[in-house]
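Welcome, and thanks for taking a look at this one. Here is a short briefing to read alongside the sequence and the coordinates.

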Amino acid sequence: MNEQELRDGLRSAMAVVTPPPRSVNAAAVIRGARRARVRQRAIWAGAGTGLLVAAVLVGSGLPLGSPGQPLDFGAPDVAPSPVASKPGPWPTGPDGQPQEDRTARAGERYEQGVKLLDRLVAAVPLGYTVPDRAGNGRDIAPSRHHQAHFEDRIGGTELWSYQASIEVARGQGTGRVLAEVHTAGNQLPSEPCALSQRLWGMQGECQLVSVGAAQVGVVVRPTGGDRQYDQWAGYRHPDGVVVFVAQAKSVFPVVERQQPLTTLPFTVQQLAALATSENLHLN
Amino acid sequence: MSDRDAAFAEYFAARSDAMRGTAYLLCGDWHRAEDLVQTAFTKLYLAWDRVSRHEVLDGYLRQTLVRTFLDQRRRGWWRRERVSDAPLDPPAGPDGAATHEDRLVLLQALSRVPPRQRAVLVLRYWEDVSIEETAALLDCSPGTVKSQAAKGLQALRELLVEEKTP
């Protein structure tokens, strides 16, 4: 394939894919942007009480945010938007208002993300530490992060995913561990290795590992173009909840000149066991 | 509605579908494409007074979209690149199934090219952005754009072979 063939191929392919109906309109964007701006100004006004938050905003110049809140749309409108809007498909938040986008910023789902992060930190093997460093909103991500994300609504049931990502350090090296949970009713495969290869679409060499009576697909070596993680595992609990865990020797990408770990935090067996652990089994 | 909001709404109506297509090629997922487009337009609205000259808008929006994609990808905050069995919607045209499959295989393969190379391929061959402008959007040199494009094309060739191998 040469350049022109790719150009033609992309146009030809995009002509036959059908996007879903658009769920965001100009009114929603304007409303969200205003909320972010109000919030930003409020934080600046109270800078004496929020130096850390202010530092993040200075770095980003935009409403990028704290764990669980990639975009800070949390504050209410000072004045209603003059632009007519129609409701989006998002779930209702704890304040009784629809969410602004897929990310939960408070409430039960948000708390599940917090819980996942706490439990992932607690699962790190002895000998490793878990740094707690804020990001700068640009090229340095926070060393710990969690997020609760609305995936879909099937048959009236809301499907959610929770993600927690942490850096893990030992000696001079720093790597990364991830947990991602999909609530019951998800459409992910049941076959262990097919399931494991669905984490972010990453491909790799998969092994079946037994944990008690459970069979876990563990990808022990990535083979595709996306190699952010060195190993990952996926497990479907009997109630349908899916748990993925992943580990990498290095932080991707190496923007802070961090040295990688010399060994992965978990053995293959331990990684499989972590995927089946009740501690990460959240719905 | 203020003149500012009206102008923004008009621009959103004109450009959001095209941007959604670009976002989809970047991330391989319509839901996430929607989120990227929303984020990019939100940032554009906040910067509207600075960049509302129309000759600048497209470049600003494109840059915001691509950088947001790369930034989120790098952080690992967004985990989904291709999570569905049928990530690409069923064909709607009258062509034969094999032709459609070939087209979809290209999109599948593209979604597996490393993110920065993928961004270069999408900007250069979907958006038809020049090497120099791509370099400015990605904050790198024209030479880097050339090498990333070459590597991305090579990766795509290899992935296409892999995707087509039973």
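This is a predicted model: local features need pLDDT of at least 70, side-chain atom pairs count only at pLDDT 80 or more; totals for chains, interfaces and linings use all residues.

Chain A holds six helices and seven strands, and its seven strands form an open antiparallel sheet. In chain B, a helix pair, H1(B) and H2(B), crosses at roughly 140 degrees.

**Chain A at a glance**

- Read from the N terminus, the elements of chain A follow the order α-α-α-α-β-β-β-α-β-β-β-β-α.
- Of the 283 residues in chain A, 42% are buried.
- If you look at chain A contacts between residues at least 6 apart in sequence, 61% of them link residues at least 24 apart.

**The sheet of chain A**

- The strand order across the sheet is E1-E2-E3-E7-E6-E5-E4, with antiparallel pairing.
- Strands E1 (144-154) and E4 (204-211) of chain A are the edge strands; each has a single partner strand, so one side of each has no neighbour in the sheet.
- On average, neighbouring strands of this sheet are turned by 15 degrees against each other, direction ignored.

**A covered strand and a covered helix**

- How many residues of E6(A) are buried? Six of its six are, which makes E6(A) a mostly covered strand.
- In a regular strand, side chains alternate between the two faces of the sheet.
- For E6(A), both faces are covered: Gln231(A), Ala233(A) and Tyr235(A) are buried on one side, and Trp232(A), Gly234(A) and Arg236(A) are buried on the other.
- Helix H6(A) (residues 268-276) has a buried run of its own, made up of Leu271(A), Ala272(A), Ala273(A), Leu274(A), Ala275(A) and Thr276(A).
- The cover over those buried residues of H6(A) includes helix H4 (107-123) and strands E4, E5, E6 (231-236) and E7 (242-248) of chain A.

**Nonpolar cores**

- The largest nonpolar core contains 53 residues, and Val29(A) and Ala23(B) have the most contacts inside it.
- Helix H1(B) (residues 3-27) contributes the largest share of this core, with nine residues.
- Another core of 43 residues lies apart from it, with Leu120(A), Trp232(A), Val243(A) and Ala275(A) among its members.
- Leaving out residues up to four places away in sequence, Ala23(B) touches Ala33(B), Leu36(B), Val37(B) and Leu65(B).

**Helix packing in chain B**

- Two packed helices are described by the angle between their axes and the distance between the axes.
- The axes of H1(B) and H2(B) (residues 30-46) come within 8 Å and cross at roughly 140 degrees, and H1(B) is therefore oblique to H2(B).
- The crossing of H1(B) past H2(B) is right-handed.
- On the H1(B) side, the residues that meet H2(B) include Phe8(B), Phe12(B), Met19(B), Ala23(B) and Tyr24(B).
- On the H2(B) side, those meeting H1(B) include Trp30(B), Ala33(B), Leu36(B), Val37(B) and Phe41(B).

**Two positive phi values in chain B**

- Most residues other than glycine have a negative phi.
- Asp128(B), which is not a glycine, has a positive phi near 55 degrees; Asp128(B) lies in the loop between helices H6 (115-125) and H7 (131-138) of chain B.
- Why does Asp128(B) count as exposed? Asp128(B) has 9 C-beta neighbours inside 10 Å, and the cut-off for exposed is 12 or fewer.
- Asp139(B) also has a positive phi, of about 60 degrees, and sits in the loop between H7 and H8 (142-164) of chain B.
- Asp139(B) is exposed, with 9 other C-beta atoms within 10 Å.

Methods:
Residues are numbered from 1 along each chain as its sequence is written. Chains are lettered from A and ligands numbered from 1 in the order in which they are written. A nonpolar core is a set of buried Ala, Val, Leu, Ile, Met, Phe, Trp, Tyr and Cys residues joined through C-beta atoms within 7 Å. A residue is buried if 20 or more other C-beta atoms lie within 10 Å of its own, exposed if 12 or fewer, and partly exposed in between; C-beta atoms are placed from the backbone. Helices (H or I, at least four residues) and strands (E, at least two) are DSSP runs, numbered from the N terminus. Two residues are in contact if their C-beta atoms, placed from the backbone, lie within 7 Å. Two strands pair if DSSP finds at least two bridges between them. Axes are lines fitted to C-alpha atoms, for helices over the stretch in contact, and angles run from 0 to 180 degrees between N-to-C directions. Angles under 35 degrees count as roughly parallel, over 145 as roughly antiparallel, 65 to 115 as roughly perpendicular and the rest as oblique. A crossing is left-handed if the near helix is turned anticlockwise from the far one by less than a right angle, and right-handed if clockwise.
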